[in-house]
Amino acid sequence: MIKPDMIPDEVVEAARAAYRDGFEQLDSHEEIMRASIAAALSAWPEYEDVVSEVNGFLVERGVALEDEGIARERLAIDPGFGFGKTVTHNMQMLGAFDAFTQHGLPVLAGISRKSSLGEITGRKTEERMVASVAAALMAVERGAMIVRVHDVGPTVDALKVWSAATQSL
């Protein structure tokens with residue numbers, strides 16, 4: 001999976017520096033990842049054009065992986081909704097999601113229950129099912145081959161209706 005939000009070693013090291021004495025006291029890999037993410041998010045990226053910049057990064061990483069001998073059919077793209085992006089960034093990426101599908105690789109949309117959906121709807125995490133289903137449907141309509149969701153049944157139902165309607169045209 002090619003993702004812009006993979007946590008590089010230097011970010012983990014920044015988290016270690018930020019947590020100093022407490023970092024070694026973190027009990028699980030999940031806690032270390034949360035600390036690393038917190039450190040990464042403290043340096044909010046700025047984008048001129050989030051879609052083209054993320055897309056460019058993903059293309060570069062894909063080429064690098066292929067150059068290292070990773071077979072193209074083993075690659076998928078995850079544009080990385082959420083981490084280090086504003087609500088506007090996330091909505092720009094969702095609105096132009098088809099831009100990520102132009103490289104002949106399967107693209108994953110992982111926007112289910114993201115905080116951006118909460119900021120737009122005013123809903124708590126556990127109340128974001130409808131927004132999550134809408135976002136997943138929008139991503140699939142724009143070319144997502146894989147969706148990461150929390151509410152599988154409602155998402156499948158929405159996709160079945162969408163599929164039936166688009167196939168009848």
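Q: Where is the place of Val 140 in the chain?
A: Val 140 sits in helix 6 of this predicted model.

Q: Is Val 140 buried or exposed?
A: Read the relative accessible area against a cut-off: under 20% counts as buried. Val 140 has 18%, so Val 140 is buried.

Q: Which residues does Val 140 touch, leaving out those up to four places away in sequence?
A: Val 140 touches Val 147, Leu 159 and Trp 162. The C-alpha atom of Val 140 is also 9.2 Å from that of Asp 98, although 42 residues separate the two along the chain.

Q: At what angle do helix 6 and helix 7 pack?
A: Helix 7 spans residues 152-167. The angle is about 40°, and the axes are 9 Å apart. The two helices are therefore oblique to each other. Helix 6 passes helix 7 in a right-handed crossing.

Q: Which residues of helix 6 and helix 7 meet?
A: Helix 6 brings Met 129, Val 133, Ala 136, Leu 137, Val 140 and Glu 141. Helix 7 brings Pro 154, Thr 155, Ala 158, Leu 159 and Trp 162. By class, the residues of this contact are nine nonpolar, one polar and one charged.

Q: How do helix 3 and helix 4 cross?
A: Their axes come within 9 Å and cross at roughly 70°. An angle of 65 to 115 degrees counts as roughly perpendicular. That makes helix 3 roughly perpendicular to helix 4. Val 50, Val 51 and Val 54 of helix 3 make the contact with His 89, Gln 92 and Met 93 of helix 4. This contact divides into four nonpolar residues, two polar and no charged.

Q: Which residues of the largest nonpolar core touch the most other members?
A: The general idea comes first. In soluble globular proteins, nonpolar side chains tend to be buried together. Here the largest nonpolar core has 21 residues, and Phe 81, Met 93, Phe 97 and Phe 100 touch the most other members. Helix 3 (50-67), helix 4 (87-95) and helix 6 (129-141) each supply at least two residues of this core.

Q: What does Phe 97 touch, not counting residues up to four places away in sequence?
A: The partners of Phe 97 include Pro 79, Phe 81, Val 107, Leu 108 and Ala 109. Ala 139, Arg 142, Gly 143 and Ala 144 are also among them.

Q: Where is Lys 114, and is Lys 114 buried or exposed?
A: Lys 114 lies in the loop between strand 1 and helix 5. With a relative accessible area of 18%, Lys 114 is buried. Lys 114 touches Phe 81, Gly 82, Phe 83, Arg 128 and Arg 148, leaving out residues up to four places away in sequence.

Q: What is phi of Arg 113?
A: Start with the background. Most residues other than glycine have a negative phi. Phi of Arg 113 is near 60°, a positive value in a residue other than glycine. Arg 113 is in the loop between strand 1 (108-109) and helix 5 (115-121). Arg 113 is partly exposed, with a relative accessible area of 24%.

Q: How many helices and strands are in the chain?
A: There are seven helices and two strands. Their order from the N terminus is α-α-α-α-β-α-α-β-α. Of the 169 residues, 31% are buried. Among contacts with a separation of 6 or more, 65% join residues 24 or more positions apart.

Methods:
Residues numbered from 1 in each chain as written. Predicted model: local features only at pLDDT ≥ 70, side-chain atom pairs only at ≥ 80, totals over all residues. Heavy atoms only, no water. Core = buried A, V, L, I, M, F, W, Y, C linked by side-chain atoms within 4.5 Å. Buried < 20%, exposed > 50% of the residue type's maximum accessible area, 1.4 Å probe, protein only. Helix = DSSP H or I, 4+ residues; strand = E, 2+ residues; numbered from the N terminus. Contact = heavy atoms within 4.5 Å. Axes fitted to C-alpha atoms, helices over the stretch in contact; angles between N-to-C directions. Parallel < 35°, antiparallel > 145°, perpendicular 65-115°, else oblique. Left-handed = near helix turned anticlockwise from the far one by under 90°. Nonpolar A, V, L, I, M, F, W, Y, C, P; charged D, E, K, R; others polar.
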